[in-house]
Amino acid sequence: MRALEQFKKLEELFLQFSKKASVFSSLIDDTVEDMTDSVRCNSPEEIKSLRDTLSQFQTELVQMRSDFKQLGALDKQIKSYNVSKNPYTWFTLEALDDSWQDLQKLIKDREVELAKEVKRQEKNEELRKVFAQQANSLHSWMADTRTALIDTYGTLESQLQEVKTKSEEIAQKKDALRRIEELGAQAEEALIFDNKYTEHTMVSLAQQWDQLRQMVLRVQHNLEQQIQARNTVGVSEERLKDFTASFRHFDKDRNGKLEYQDFKSCLRSLGGYDLALAETGFSDPEFETILSEVDPNRTGYVSLEDYMSFVIAHETENVESNKEVEIAFQAITSGGDKPYVTKEELFQALSKEQAEYCIKLMKPYKAPDGTLVPGGLDYKEFAKTLF
C-alpha cells in the first residue's frame, strides 16, 4: 500500500514538473525570440517601443524566477525518490537552468544595445532638427524672393536694379544650399529616411533653387526687353506697366504663368484684341492663332516672358501704325509740320464723313505751356485711340 501511494505521488510530481517545465521553456523561447530582434530603429518612437517591451520583460522576470524556483522544488522532491528520468518530458532542471542563465545574460546585453541605439536616435533626431531648420528657412526665403520678383514696382530701371540685386542674393544662397546638401548626405549615411520636422528634401530644395535662378534671369530679360521696347520703338512705360499689372491680376497663384482662359481674359482686359468671351464655350480662331505663337508646344500655360514678348510685339505694330497715321495727319497741316490740325484742313483732305468723324473724336490741342490753340485739334492723341 505504501509503495502504491509513493508511486502515485511520484507520478503526480512528474506530471507537475512536465507541465511547468513546458510552459517555462516556451516563455524562455518566446522571450529569446523577442530579445534577439534587431534594435536598429528609424525613430525615437521605435526605440521607445523596444525599451517599453524590455521593461515589460523585466517585470515578467520576477514571475519567471518564481516559476523556476517551483521547478527546482519539484525536481528536488522527484530526486528524493531516487529516480533519474521523468517519463513525461525531456526537460531537465539543469537544461532549464542553462536556458534561464542565458536569458538573463541576453536581457542585460539587450539593455546595452538599446542604450546605444537611444544615443544614436538622439543624435539622429538632432540632425533632423538642424536639417529641418535650415531647409525650412531656405524654402521660406526662396518663396519670399519668388514673390518679390513677381511683385516688383517702380520705374523699369529701378525694377531692373532690384532684380539684379535679387540675382546676387540668390547666388550667395548657394552656400546655404550646399550646407543643407551636406546635412542631407549625413542623414543618408545615418540611414535617416524621414523627417517629421520638414517636408523638404535636399533634392527638392536644389530644384527650387535652380528654378528660382532661372526665374530671375527671365525676369531680368523681360525688364530689359521692356526698356528696349520703350527706348527703340516708342512703347510707353505706362503701357508696359499696364501689361505687367494685367498679368499679375490674372496670375492668382503667383507662379509667373497663366492658363489659357486667364491669358485670354488678360488680353481682353488690355483692349485691342477681338476675342470671344471666355464663358461662351465656342472656338475662337483668333485666340488659337495667338496660342500658336505664344505657346506652340501647347504646354497649357503662358509664361510672363512669352506674354510680354507677344504684347510688346503687338504694341510695336500699333505704335508703328500710330506713327503712320500721325505722319499722314501732319502732312495735311499747313506747312506740313504742325502738331495739330484744323477743321478746314480735315475737310480739304478727307471726305465729308471722314472729316466729321475725326472732328467728333479729336480733342482740342493744347500747346506745351497748357494753353489751347484756337481751332487746333490734337491728331496725335486721336491716333493713339485708334490703336
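Biologist: Which residue is the bridge partner of K366 in β4?

Modeller: The partner of K366 in β4 is L372. This is a predicted model, in which local features need pLDDT of at least 70, side-chain atom pairs count only at pLDDT 80 or more, and totals for chains, interfaces and linings use all residues. Residues are numbered from 1 along each chain as its sequence is written, and side-chain values use heavy atoms, with hydrogens and water left out.

Biologist: What makes β3 and β4 a pair of strands?

Modeller: Strands (DSSP runs of E, at least two residues, numbered from the N terminus) pair if DSSP finds at least two bridges between them. Strand β3 (residues 363-366) and strand β4 (residues 372-378) are joined by 3 bridges, so they pair, and they run antiparallel. Their hairpin has 5 residues between the strands, and G370 there takes a positive phi near 95 degrees.

Biologist: Why is C266 called buried?

Modeller: Buried means under 20% relative accessible area (1.4 Å probe, protein chains only). C266 has 0% relative accessibility and therefore counts as buried. C358 also counts as buried, because its relative accessibility is 6%.

Biologist: How many disulfides are there?

Modeller: A disulfide is a pair of cysteine sulfur atoms within 2.5 Å. By this rule the count is 0 disulfides.

Definitions and conventions:
Buried < 20%, exposed > 50% of the residue type's maximum accessible area, 1.4 Å probe, protein only. Helix = DSSP H or I, 4+ residues; strand = E, 2+ residues; numbered from the N terminus.
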